[in-house]
Amino acid sequence: MWYCHTRGPVGSFLVRLSSVEKSERHYSLSVKTRDKVQRFRITRYDTGYYIFGGRPFSSMDDVVDRYRSEVIIDGITLGAPIIQTVRPVGRQAMTVTSPRDRTNSIILTQAHRQGEKTGLLLLRKGKKSPVYGKWKEFYFVIKYGEQKLLYYEREDSHKAKGLLDLRQCRAFAVDPTLYGRNGVFMVMLKYLNELSFYYFAAQTEELAQEWLRVMKRHTLKTPDTAKTEVQQIRSLSLSIRDSKLAKSSGHSSVYCLVFLDGAALAKTILMQVPCIFDESYLFQDLPLSTTSFAVELLSASKRAYIKDSSIGRVTIQLSDMPNGQDDDKWHHLMTKGSRTAQGSLRLVANFKHEMIFPIEEYTSLKELLLSDNLTVIEALATVCKDHHAELACALIQIFCHYKTLV
């Protein structure tokens with residue numbers, strides 16, 4: 001039970017789990033007014049955002065900060081927090097409160113920061129990709145159990161600057177060409193059909209790969225997926241070979257950006273028109289949710305304060321590509337709202353995906369197929385009587401994979 005003293009100072013407040021709905025997703029904010037205690041409901045969604053009064057907040061601290069300067073009810077702003085102390089009374093425990101300083105009063109405190117992966121990284125973020133601006137260093141904490149990423153101004157900070165629900169994110173490795181440096185990776189968050197992009201830079205490439213592996217594991221809905229499950233390995237190799245633009249286009253210097261599902265991951269060098277790019281990139285371990293890639297041709301502005309303009313974009317669905325074969329084609333550069341091509345790009349793409357079975361699964365599968373005088377294979381042959389060639393190829397692939405694993 002929680003108790004808020006009605007004779008405390010006006011504006012004093014207490015944050016607690018909701019006693020009406022026994023769920024960690026609902027909180028109650030109790031505020032002392034001039035004659036009573038007013039309670040407000042705060043809901044925490046799967047994305048990690050706290051919704052209060054129809055407004056999203058990245059943390060409970062942000063809720064408190066806003067209403068310290070903004071009126072919450074009847075001309076009252078939040079004042080001193082209430083700290084609970086528990087004192088036994090008979091068989092029950094009553095909570096007695098007293099107003100003190102803010103330390104340890106909010107949800108995100110030092111005690112909550114014992115993550116299993118911590119360290120310093122550079123960050124740049126925004127609603128558009130690529131994100132322009134300066135890198136800023138933060139202290140990051142990944143909470144394995146909650147699948148949350150929190151970041152702080154400093155290691156000894158009590159208040160988190162931001163929070164990401166990794167279950168709503170996708171993580172990608174970033175080619176060094178995008179920002180002209182190694183050790184960069186990115187996380188893309190989709191919330192309410194709106195994309196946000198977070199680019200991270202580590203001191204070394206090895207450190208960046210370590211962070212990326214952890215983030216990829218926790219962007220899954222169930223990070224504790226058994227290692228014995230079948231996995232699909234997906235990779236994309238892409239070469240930008242050549243470009244064609246109309247002579248009257250007026251563009252002098254151009255470059256290309258490479259996107260995976262809207263996230264910019266690579267960049268060609270700046271070239272003078274007419275140009276031949278001939279640059280190649282390899283994207284490995286693509287998430288299963290990745291459905292397309294795009295190449296956008298941009299015209300570089302001659303003035304630093306004017307943004308580069310898009311000439312056109314080529315978007316290709318991975319499902320339309322042959323597995324493991326080079327797709328060498330010219331593609332029209334198209335823009336939104338126009339049916340006229342602005343030029344064309346020659347791309348050579350190779351999308352490869354294959355199923356990987358753990359060795360334990362292969363062992364049991366091999367024993368199953370070869371047991372009882374090949375009765376299982378005979379049954380499969382009967383079922384697949386019109387597709388014996390396909391069945392033979394599948395069996396050969398199974399045994400070849402088994403042989404390479406053992």
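I began with Leu236, which touches Leu260, Tyr281, Leu282, Phe283, Leu286, Phe293, Met321, Ala349, Asn350 and Phe351, leaving aside residues up to four places away in sequence; contact here means heavy atoms within 4.5 Å.

The model is predicted, so to speak of its limits: local features need pLDDT of at least 70, side-chain atom pairs count only at pLDDT 80 or more, and totals for chains, interfaces and linings use all residues. Residues are numbered from 1 along each chain as its sequence is written, and side-chain values use heavy atoms, with hydrogens and water left out.

**Cores.** Of its 46 residues, Met186, Leu236, Phe283 and Phe293 touch the most other members. Strand β16 (residues 253-260) gives the most to this core, with 7 residues. Apart from it lies another core of 26 residues, among them Phe138, Ile142, Ala202 and Val214.

**Sheet of 7 strands.** Next I followed an open sheet in the order β11-β10-β9-β8-β14-β13-β12, with antiparallel pairing; strands are DSSP runs of E of at least two residues, and helices are runs of H or I of at least four, while two strands pair if DSSP finds at least two bridges between them. At the edges stand β11 (160-165) and β12 (169-173), each with a single partner strand, so one side of each has no neighbour in the sheet. I noted that β12 and β13 (residues 184-191) pair in the antiparallel sense over 5 bridges, and that the bridge partner of Phe172 in β13 is Met186.

Last, I turned to helix α1 (residues 60-69), in which Met60, Asp61, Val63, Val64 and Tyr67 are buried. Seen down the axis of α1, these buried residues fall within an arc of 155°, taken from the directions from the helix axis to the C-beta atoms, so they line one face of the helix. They pack against β1 (13-17), β2 (26-32), β3 (37-44), β4 (50-52), β5 (55-57) and β11.

Key:
Buried means under 20% relative accessible area, exposed over 50%, partly exposed in between (1.4 Å probe, protein chains only). A nonpolar core is a set of buried Ala, Val, Leu, Ile, Met, Phe, Trp, Tyr and Cys residues joined through side-chain atoms within 4.5 Å.
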